Amino acid sequence: MVDIAITNIRPDRAAVASQWQLIWWAFKRHKLAMAALFVTIAMYVVAIVPGFFAINDPIQQNARATFHPPQQIHFFDTTNGFEFGPHYYPLRLTRDPNTLAAIYVEDTTRKIPITFFGRGYTYSVLGLFQTDIHLIASTDKTRPLFLFGADRLGRDVYSRTVQGAQVSLSIGLVGVFLSLLLGIILGGISGYYGGRIDFVMQRVIDFVLSLPTIPIWLALAAALPQGWPATLQYMMITIILSFTGWAQLARVVRGRFLSLRTEEFVAAARLDGVSEGRIIFRHMLPSFSSHIIASMTLAVPAMILAETSLSFLGLGLQPPTISWGVLLREAQNIRSIATAPWLFMPGLAVVVAVMALNLFGDGLRDAADPYNK
């Protein structure tokens, strides 16, 4: 019986609601999961068109902006009366008279306005067309805005972090998709047919699960040739990350298939002459699709962390490819920690993405079975 207190709906609506409607009603009551859903959607919107949200060209070097500190956006200007509008001030390098340490101070005599949907560098949108429209654009190209500061080569950390979201977040989705495909196919075959096929498949799954994940990832990633192009590196790292991720899902799918293959609706489908493929994909899989979706959502953060770890250690994606792990390699030395802590901003992006996806997955998992509340 449906728990009306959980779904918070009228009994007459709950009686005729589909499973997906019940999942959505239960999910909406999870406030943290709803907030995480909006954050997740926002991150993937940024990952789809990172150039639109970037301010400066992420690969452009600026020798005059080496380790340039972050700048603040102002909305009110009281130097000449009272003016409202987004703007920033260029930073001027000075020296502390006592310690001679480098200090950056705002030059309030040079106000630089910021425009929304302004023009900047040219970028490609999903490889379909090119444009130079950006959400935020500076009106002075000679004094660029560094929201998150600049790295040792004078490249904009904010724009590189936004650009890195495309690779890091998409690797999580593609890797989970490959794991899902292998898990459903191999686990479904094992559970549906049983017998010797099930025995062989389970021994293969046991072997994969017994492998130490991190050393296997490191060994396979280290075996990749360093001279490969970025697209080929991306594809191979994705395959490596999904190499061991399918086994756990395959075991879950196998267990559900073993219990479902004796159900009356499966027997009725066989008696009607329905093909085995249709029985599996049309009748059996949809009965626990909500569990599969929840498992996928919780697996994406693990893939993102794995890619970040491999790239941080220099065994994953390599420059000039931009990912969060590649960017964090810039923060491996003492000078970065002491003088340029803003180089850790890609790490903050990883934390936000993983927390949002985990909270979203937890809420989806709790709402996935609205009949057992």
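Predicted model: local features only at pLDDT ≥ 70, side-chain atom pairs only at ≥ 80, totals over all residues.
Exposed means over 50% relative accessible area, buried under 20%, and partly exposed in between.

**View A. Phe-117, a non-glycine residue with positive phi.** Phe-117 lies in strand 5, which covers residues 112-125. Its phi is positive, at about 55°, although Phe-117 is not a glycine. The relative accessibility of Phe-117 is 55%, so the residue counts as exposed.

View B. Leu-126 is found between strand 5 and strand 6 (129-138), in the loop. Leu-126 is not a glycine, yet its phi is positive, at about 55°. With a relative accessible area of 55%, Leu-126 is exposed.

View C. Six names make up the view: Phe-177, Leu-181, Ile-185, Ile-189, Tyr-193 and Ile-197. Together they form a nonpolar surface patch of about 530 Å². Helix 6 (residues 157-193) gives the largest share of the patch, five residues. Phe-177 has a relative accessible area of 48%, so it is partly exposed.

**View D. Helix 6 packed against helix 7.** Helix 7 spans residues 195-210. The axes of helix 6 and helix 7 are 7 Å apart, and the packing angle is about 145°. Their crossing is left-handed. On the helix 6 side, Leu-186, Ile-189, Ser-190 and Tyr-193 make the contact. On the helix 7 side, the contact is made by Gly-195, Ile-197, Asp-198, Met-201 and Gln-202. Ile-189 and Ile-197 also belong to the nonpolar patch, as does Tyr-193.

**View E. The salt bridge of Arg-254 and Asp-198.** The side chains of Arg-254 and Asp-198 meet in a salt bridge, at 2.7 Å from N to O. Arg-254 lies in helix 10 (residues 246-260) and Asp-198 in helix 7, so the pair ties together parts that are 56 residues apart in sequence. Arg-254 is partly exposed, at a relative accessible area of 23%. Asp-198 counts as buried, because its relative accessibility is 10%. Asp-198 also takes part in the contact between helix 6 and helix 7.

**View F. The salt bridge of Arg-251 and Asp-206.** Arg-251 and Asp-206 form a salt bridge, with their closest N and O atoms 2.3 Å apart. Arg-251 lies in helix 10 and Asp-206 in helix 7, so this pair ties together parts that are 45 residues apart in sequence. Arg-251 counts as partly exposed, at 30% relative accessibility. Asp-206 also counts as partly exposed, at 30%.

View G. The structure holds eleven salt bridges. In one of them, the side chains of Arg-143 and Asp-140 meet at 3.2 Å, N to O. Arg-143 has 31% relative accessibility, so it counts as partly exposed. Elsewhere, salt bridges link Asp-151, Arg-152, Arg-155, Arg-160 and Glu-330 in a network.

**View H. The cis peptide bond at Pro-320.** The peptide bond from Pro-319 to Pro-320 is cis. Its omega is near 10°. Pro-320 lies in a loop, with helix 13 (289-312) on one side and helix 14 (324-328) on the other.

Terms used. Residues numbered from 1 in each chain as written. Heavy atoms only, no water. Patch = residues over 30% accessible without salt bridge, like charges linked within 9 Å, V, L, I, M, F, W, Y side chains within 5 Å. Areas by Shrake-Rupley, 256 points an atom, 1.4 Å probe, with all protein chains shown as cover. Salt bridge = Lys/Arg side-chain N within 4 Å of Asp/Glu carboxyl O. Helix = DSSP H or I, 4+ residues; strand = E, 2+ residues; numbered from the N terminus. Buried < 20%, exposed > 50% of the residue type's maximum accessible area, 1.4 Å probe, protein only. Axes fitted to C-alpha atoms, helices over the stretch in contact; angles between N-to-C directions. Left-handed = near helix turned anticlockwise from the far one by under 90°. Contact = heavy atoms within 4.5 Å.
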